[in-house]
Amino acid sequence: PFGYFRRDGADVSDEVVAHCKELGIECLFVIGGDGTMSISHRLHAMGLACVGIPKTIDNDLHCTERTFGFDTAVSIATKATNRLGTTAESHHRVMLLETMGRYAGWIALHTGLASGVDVVLVPEFPYEVARIAEVIERRKRQGKRSTVIVVAEGARPVGGSFAVRQVDPTSPDPLRLGGVAQVLANELASLVDSETRATVLGHTQRGGCPTALDRILATSYGTFAAYTALHGETGVMVALVNNRLATSPLPYVPVEQAQAGCRCITQDSPLVAAALSLGVSFGCAMDEPSFGEPGSRLHVL
């Protein structure tokens, strides 16, 4: 509403607040990702009570450990990766699967771990094509004639830029990432003695039947959001913190800071340590895997 595209980018937020009050809406429950939460943050500052419910397949929202939609996307991507794996083995190919996730690699990392792939490429760790080619050749020397690579759509080479599928100048977030898997497949084809194939899952990750975990999480968030509003707490987002329901202030991420403002993978993540321990390559130099001090508590998901 602060730049409504159907009004040539006009600010109609005052009208939105006025309409809600005319309709007797005492609290607006907003469901979405960082853009939705940022809008809600501003509407709440204008006097419209809001409670946020985190929903995005990217799982990149700050202040919460999990967003619903993510588990379903990972489940779909994992099944697709497993199917590609059988073809890779039978045809001795290098298969690349491109997942969504924007500027965060959570879908790719979870998919890679769940399906047991050989290489995971995420935006947080820029890759080197030569290192990926060496993984493929090393596996061939070990008698493994296939390699499966999961690539997040925001993955990019060291010193390189994102692969952009489309630019929509009418959108507040104009870049549509995509195409990196095919770009990388073409580059690898000239470096390794194997056929390379790229598959882009695209919007198949966003639809269909939700997993049981996503259904339970969404129901838990919804009921807790209603409870929160009924007890007079607004201007917050319900969240999962240390695997318990909690609230946090509505996150505000300006559109121009979408890349820097998302919750990203860090090298000290126990999931990264698990992947490295299993021999998964991130296509770049990484520190030795570490799970912290013995006896320390780690949050995995």
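Student: How far is the sulfur of C50 from the closest cysteine sulfur, and which residue holds that one?
Tutor: This is a predicted model, where local features need pLDDT of at least 70, side-chain atom pairs count only at pLDDT 80 or more, and totals for chains, interfaces and linings use all residues. Residues are numbered from 1 along each chain as its sequence is written, and side-chain values use heavy atoms, with hydrogens and water left out. A disulfide is a pair of cysteine sulfur atoms within 2.5 Å. The gap here is too far for a bond: 6.7 Å, to the sulfur in C27.

Student: Is C50 buried or exposed?
Tutor: Buried means under 20% relative accessible area, exposed over 50%, and partly exposed in between, using a 1.4 Å probe and protein chains only. C209 counts as exposed at 58%. C50 has a relative accessible area of 0%, so it is buried.

Student: Which strands stand at the edges of the open sheet?
Tutor: Strands are DSSP runs of E, at least two residues, numbered from the N terminus, and two of them pair if DSSP finds at least two bridges between them. The order is β1-β2-β9-β10, with mixed pairing. Two strands each have a single partner, so one side of each is left without a neighbour in the sheet: β1 (28-32) and β10 (244-249).

Student: In which sense do β2 and β9 pair?
Tutor: β2 covers residues 50-54 and β9 covers residues 236-241. V51 stands opposite V236 in β9. Over two bridges, the sense is parallel.

Conventions
Helix = DSSP H or I, 4+ residues; strand = E, 2+ residues; numbered from the N terminus.
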